[in-house]
Amino acid sequence: MGKSRARRFRRAPRAPAGPAQQCDGERGPEEEAAAELLEKLQHPSAEVREYACASISKLLQQKHVIPAFVQRDVVRCLGPLLMDHSLAVRETAAGALRNLSACGGFDVCDDMVTNDIMTPLVALLKECSTGLDANQLSPKKCRGMNKNYIEDIANEAINLLWNICECNNTALYIFNKEGCLEAVLHYMKKFATNVDLAISVANCLQAVTEDNPDLLSSFNASAQQILETVMLCPESTMKHILLRTLIAGTIWNIKDTIPPGSLGSTVNAILKIFSESLAIDAGETIIRMNEAEKNRLKLAVEAETGENMSDITESCVLSEDDNMEEIPKGKLRRENDVSDLLPSDKWELKEVTALLTAQQTALEIIVNMCCSEDPSDDEWEELSSSDESDLFMENSYNEGNGLLLSPLCLSDEVNSAFLNNLIPKKILEKTAFPNSVALDICMHNPSWKPLTKKLNAVQCRALTCLQSILLVSDVDCLGGASALQSLAQHLSQLIFSKTELPTDTEFLEAVTSALRALLQTMASKNISQCMTPEQLLALCEAGIQSSNASVRVNVVSILGISGSVLAKGQDTAETLKMIGKFLLEVAMKESSLVVAGEALDALFDVFADGKEAEKAALQIKLLPALKEFQPVFRMRMRKEGKGQYSTDQLCVLDNVKMNLRRFIAYLETLGKTPT
């Protein structure tokens with residue numbers, strides 16, 4: 001009700017599944033397998049323990065299997081193996097616990113902490129950190145390279161730590177108390193040789209630094225130097241772009257530790273990284289990487305065919321001389337296996353995934369930057385005079401005269417830093433629908449199909465980012481009335497470009513939130529709006545059917561904003577009647593009190609003033625309808641208010657209830673009671 005507020009993103013839990021369902025009845029195959037494998041964890045042979053851990057790890061990726069293991073204290077069985085004398089057992093045990101935390105949900109993570117998983121995990125992290133420089137390699141080879149057990153164990157352990165700390169405050173408290181930051185940062189020093197480990201560490205750091213003021217004192221100059229070194233690494237792979245983006249997010253989380261004199265240049269560096277990420281065309285990258293994958297697989301097939309022919313020839317030669325020593329076929333293949341010289345499996349897919357994750361992360365952090373409390377004048381004093389700021393301002397305007405190229409007015413001092421570096425044109429580009437060719441590639445390739453969700457997620461985050469920008473900016477900084485009207489046309493095209501209105505809930509919430517913020521800004525400055533009444537009503541009729549209450553709130557608010565503008569015009573009574581009837585029906589029939597309250601609030605805005613509004617209100621019998629509904633609304637608030645809605649929502653609803661009484665009184669003074 002009233003102006004929309006910017007949305008703040010929290011890092012999405014990696015384990016969104018609900019609580020584990022308890023199994024009952026006879027023991028099924030899952031229970032039998034769980035009991036047998038857990039028993040093997042105590043076997044004196046390290047190979048048997050490793051096999052059991054690996055088997056458990058695979059099974060735990062199936063959510064329906066998790067209860068069988070949880071009931072048998074899988075955490076207490078696997079936990080001690082994190083410190084097993086066999087490095088292979090440590091790695092597979094950590095991997096199994098990682099899968100349990102990632103697939104089990106919040107309740108399972110809570111159970112893991114309750115069962116003291118943090119004690120062996122912290123011990124393992126510190127021991128691996130100490131031995132990280134020992135370069136402990138296994139004599140076994142993986143894809144032709146020596147396996148570094150310490151780094152691989154650390155990677156599994158860091159991911160486990162990340163999952164648990166993201167879901168459980170006690171784990172976060174232990175992280176702080178046990179001084180885990182030093183060990184975790186030590187792993188980051190391997191970023192030049194093991195980017196996958198570094199990305200895991202960066203994800204963990206971003207999670208543990210979010211809303212964790214107790215950790216800030218641990219970020220001394222040495223710790224900040226490590227992060228700065230990573231953030232400035234020049235590598236251009238998509239994985240390195242993701243790594244820099246995550247580190248930039250971590251530095252934003254700990255910005256309170258940065259001296260005021262350095263904060264301006266730090267923010268400029270953060271925004272430059274986000275700009276780098278958002279400037280890349282994900283659709284074109286998918287097309288290019290998919291072609292690279294096809295070429296790689298083609299070469300692999302040709303190499304395999306060549307090897308088979310070589311094997312046949314060798315076999316023929318051997319058969320001619322029975323006294324010649326036979327060469328094991330496996331050894332022959334290893335020495336001539338060209339696959340060792342090719343990129344690792346699915347590296348192209350991993351690169352695209354890293355890019356899309358980086359772009360989504362960057363957009364989410366920008367949203368949070370817009371939602372942060374205004375910085376003090378001292379913190380931002382050097383932003384306007386920073387040499388980097390001037391340089392990036394020049395670079396951003398060289399991009400061309402696109403929409404929203406002017407800096408945002410987040411505060412008086414931050415203008416020259418925020419969107420000049422970010423190049424808001426790139427954010428706007430990300431709000432468009434994904435490249436159709438890239439989507440087609442993903443839809444027809446099973447291993448690439450998950451990218452469609454990531455492409456759509458980037459679009460939705462960009463729309464939410466656009467909403468936040470609109471809410472914290474003034475019209476001049478956004479490019480003036482013409483830029484806003486062009487933006488309104490762009491959002492309208494997103495909604496109405498297809499024969500049917502979009503039904504995807506996440507997209508609808510994002511696009512209606514952006515449109516709501518835009519229309520608020522335009523209405524406040526008396527800028528004419530470009531959506532027709534027919535389009536507005538079509539959007540609202542579709543949106544009000546959504547299962548998402550936020551979508552319903554948005555469309556009702558959009559109708560209220562547009563209706564209040566129409567009420568000031570001429571010959572709009574008929575349109576206002578349609579709007580009034582729609583809002584009345586929503587207020588009276590909506591299941592959510594919040595949406596019903598928003599509909600009432602919209603009615604107040606539409607029919608507050610103007611001859612056309614008075615005429616329409618009289619014709620739809622607005623006053624008697626509201627008088628009849630008033631006691632119903634009060635009763636609903638008494639019955640449904642407590643327990644179902646937050647304190648903030650109840651406070652707003654109380655204001656609506658009071659405004660309803662005042663609005664009825666206002667209509668009565670106008671003599672609009674029907675005869």
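Val-553 lies in helix H27, which spans residues 549-566, helices here being DSSP runs of type H or I with at least four residues, numbered from the N terminus. With a relative accessibility of 11%, Val-553 counts as buried, where buried means under 20% relative accessible area, exposed means over 50% and partly exposed lies in between, with a 1.4 Å probe and protein chains only. The C-alpha atom of Val-553 is separated by 9.3 Å from that of Thr-512, and the two residues are 41 residues apart along the chain. The model is a predicted one, in which local features need pLDDT of at least 70 and side-chain atom pairs count only at pLDDT 80 or more, while totals for chains, interfaces and linings use all residues. Residues are numbered from 1 along each chain as its sequence is written, and side-chain values use heavy atoms, with hydrogens and water left out.

The structure holds 20 salt bridges, a salt bridge being a side-chain nitrogen of Lys or Arg within 4 Å of a carboxyl oxygen of Asp or Glu. One of them is formed by Glu-364 with Arg-461, whose closest N and O atoms are 2.7 Å apart. Because Glu-364 belongs to helix H17 and Arg-461 to helix H23 (residues 451-471), this pair ties together parts that are 97 residues apart in sequence. Both partners are buried, Glu-364 with a relative accessible area of 14% and Arg-461 with one of 12%. Arg-461 also meets the side chain of Glu-506 in a salt bridge, at 2.7 Å from N to O. Since Glu-506 lies in helix H25 (residues 505-524) and Arg-461 in helix H23, the parts tied together by this pair are 45 residues apart in sequence. Glu-506 is partly exposed, with a relative accessible area of 37%.

A further salt bridge is found between the side chains of Glu-668 and Lys-627, at 3.1 Å from N to O. This pair links distant parts of the chain, with Glu-668 in helix H32 and Lys-627 in helix H31, 41 residues apart. Glu-668 is partly exposed at a relative accessible area of 38%, and Lys-627 is likewise partly exposed, at 41%. Through shared partners, salt bridges join Glu-364, Arg-461 and Glu-506 into one network.

Helix H17 (residues 347-371) also contains Gln-360, which is buried with a relative accessible area of 17%. Gln-360 and Lys-454 are 94 residues apart in sequence, and their C-alpha atoms are 8.1 Å apart in space.

In the loop between helix H6 (106-114) and helix H7 (118-130) lies Asn-115, which counts as buried at 13% relative accessibility. A polar atom of the Asn-115 side chain lies 2.8 Å from the backbone oxygen of Asp-111.

Arg-638 has its place in helix H31 and is exposed, with a relative accessible area of 61%.

Terms used. Helices (H or I, at least four residues) and strands (E, at least two) are DSSP runs, numbered from the N terminus. A polar contact is a pair of N or O atoms within 3.5 Å; within protein, one must be able to donate a hydrogen and the other to accept it, and residues adjacent in sequence count only if both atoms are side-chain atoms.
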